[in-house]
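Subject: The structure for you to look at

Hi,

Here is the structure I promised to hand over. Please open it first, then read my notes below.

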Amino acid sequence: MTAEQIIFFLTGALILVSALMVVTTRNLVHAALWLVSTLFGVAVLFASLDATFLAVVQVVVYIGAIAILFIFAVMLTRRNLLDKVPQTNAGWPWAALVAISAFAGLVFLVGQMPNAGAQKNVVFGDPLMALSMALVSPDAYVLAFEVASIMLLAALVGAVYIANRK
Amino acid sequence: MVHLSWYIFLSAALFSIGLYGVLARKNAIAILLGVELMLNAANINLVSFWRYGNNALMGGQVFSIIVFAVAAAEVAVGLALVIAVYRSRNTIVADELDLLKW
């Protein structure tokens, strides 16, 4: 086994175990901390895929902002969290069935995929430079980038308004 | 070498775990945690297809950045709604938020 494969398997195991803990643990603060572990594993995968900017953004935005926001929300709504009672609703076996059949269907589809055994291509040029050019170039994705930034601003203003105590 | 299908299998497993979390959890914040797992699975797919395909085209990474922005917006609005609901109903258990149930 090459070092790349070992890193992939360790990261994959970290991601899947942490994700299972996120959906099964009773204490929501612990669930949010397991989410941090999952997100960090995904950041490692991004780095292994040569998406360096996304790996850093994953750590800064997801772990630094979103996961911390989750922890704050858990603490703000903690008064009757009831850690002792089961945290799943009555239909959880059906939910597990749906999730397992979705996984089986996806595995079947990936098996049909013609380029499933593809190898990594050589990285063309400097991906970071290409990404930054693509984000601001009128020929590429500047419109999507600006629309996303306006959507984010609108969502944050809306969130402040909704959560504001009247 | 790590094949493309390995990343896709990992992302399928992560997506299914997130789906289970969304469907089975009682707590509204835990449901949002499941949504985050599913968005991350989609991001792994996008980036791995970018890496194994023609990586001179940056569409995969740009799409992934848009997903980051959507995830941040979704979490901000979702958690604000959860906090507002908690203030008025004093619960965030999804089963008990049945005001619109006829």
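Two residues are in contact if their C-beta atoms, placed from the backbone, lie within 7 Å. In chain B, residues 24 or more positions apart account for 51% of the contacts with a separation of 6 or more.

Some ground rules. This is a predicted model, where local features need pLDDT of at least 70, side-chain atom pairs count only at pLDDT 80 or more, and totals for chains, interfaces and linings use all residues. Residues are numbered from 1 along each chain as its sequence is written, while chains are lettered from A and ligands numbered from 1 in the order in which they are written.

Chain B

Chain B has 3 helices and 0 strands. Helices (H or I, at least four residues) and strands (E, at least two) are DSSP runs, numbered from the N terminus. Along the sequence the pattern is α-α-α. The C-alpha trace of chain B spans about 50 × 25 × 20 Å along its principal axes. Of its 102 residues, 54% count as buried (20 or more other C-beta atoms within 10 Å of the residue's own; exposed is 12 or fewer, partly exposed in between).

Where the chains meet

The contact takes 75 residues from chain A and 60 residues from chain B. H4(A) gives the most to the side of chain A that touches chain B, with 11 residues. That side divides into 58 nonpolar, 14 polar and 3 charged residues. Ala, Val, Leu, Ile, Met, Phe, Trp, Tyr, Cys and Pro count as nonpolar, Asp, Glu, Lys and Arg as charged, and the others, Gly among them, as polar.

Two helix pairs

Axes are lines fitted to C-alpha atoms, for helices over the stretch in contact, and angles run from 0 to 180 degrees between N-to-C directions. Angles under 35 degrees count as roughly parallel, over 145 as roughly antiparallel, 65 to 115 as roughly perpendicular and the rest as oblique.

The axes of H4(A) and H1(B) come within 8 Å and cross at roughly 160°. These two helices are therefore roughly antiparallel. Residues of H4(A) in this contact include Trp92(A) and Phe103(A), and those of H1(B) include Phe9(B) and Tyr20(B). By class, this contact has 19 nonpolar, 2 polar and no charged residues.

The axes of H3(A) and H3(B) come within 10 Å and cross at roughly 10°. So H3(A) and H3(B) are roughly parallel. Among the residues that meet are Leu54(A) and Leu76(A) in H3(A), and Gln61(B) and Phe68(B) in H3(B). The classes here are 15 nonpolar, 2 polar and no charged residues.

Best wishes
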